[in-house]
Amino acid sequence: TVTQNCEKHKHSKYSQPILLQHFPMYRRSDADCHTLDSAPESEKYAVFREKYDCLDQRSTNLLLSLLEPRLVVSGHTHHGCFRTLPGGIPEWTVSSFSWRNRDNPTFLMVCTIHHCLDLFH
């Protein structure tokens, strides 16, 4: 259950924010993305352009250090991705929700209770 899952992910007294943004945090490519809705192999190794396909490294580091989020959720690439950022922060890039962009549109549901979160993908 959600409550049992929450016990595994207790946070300190300060509950870090959940960062929702359009662009993913900096990453070189989708090469490390292995969710069911990740980019096709033929596209995974295409190098991302900073400030176009993802945030630049400086902005990513600044956001992580200032906000210390407990979760980052992003989109933009039309492909899904889960990865762990420095400091153990999970980042979900949600693939497109439109049939126009892909043949398996998806969504991400997040449930938060006090200092806990659970994700359903």
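This is a predicted model: local features need pLDDT of at least 70, side-chain atom pairs count only at pLDDT 80 or more; totals for chains, interfaces and linings use all residues.
A strand here is a DSSP run of E, at least two residues long, and strands are numbered from the N terminus.

Is arginine 83 buried or exposed? Its relative accessible area is 17%, and buried means under 20%, so arginine 83 counts as buried.

What does its side chain reach? There is the backbone oxygen of tyrosine 26, at 2.7 Å. There is also the side chain of glutamate 91, joined to that of arginine 83 by a polar contact of 2.8 Å. Leaving aside neighbours within four places in sequence, the contacts of arginine 83 include Met25, Tyr26, Ile89 and Glu91.

Two of those names come back in the largest nonpolar core. Its seven residues are Leu19, Met25, Leu55, Leu64, Val72, Leu85 and Ile89. Another core, of six residues, lies apart from it, with Leu71, Val94, Leu108 and Leu117 among them. In general, nonpolar side chains in soluble globular proteins tend to be buried together.

Now strand β2, residues 71-74. Leu71 and Val73 point one way from it, Val72 and Ser74 the other way, and all are buried.

Which strands pair with β2? One is strand β1, residues 18-20, parallel to β2 over three bridges. Within that pairing, leucine 20 has valine 73 as its bridge partner. Another is strand β4, residues 89-93, which also pairs with β2 in the parallel sense, over three bridges. There, serine 74 stands opposite threonine 93.

How values were computed. Residues are numbered from 1 along each chain as its sequence is written. Side-chain values use heavy atoms; hydrogens and water are left out. Buried means under 20% relative accessible area, exposed over 50%, partly exposed in between (1.4 Å probe, protein chains only). A polar contact is a pair of N or O atoms within 3.5 Å; within protein, one must be able to donate a hydrogen and the other to accept it, and residues adjacent in sequence count only if both atoms are side-chain atoms. Contact means heavy atoms within 4.5 Å. A nonpolar core is a set of buried Ala, Val, Leu, Ile, Met, Phe, Trp, Tyr and Cys residues joined through side-chain atoms within 4.5 Å. Helices (H or I, at least four residues) and strands (E, at least two) are DSSP runs, numbered from the N terminus. Two strands pair if DSSP finds at least two bridges between them.
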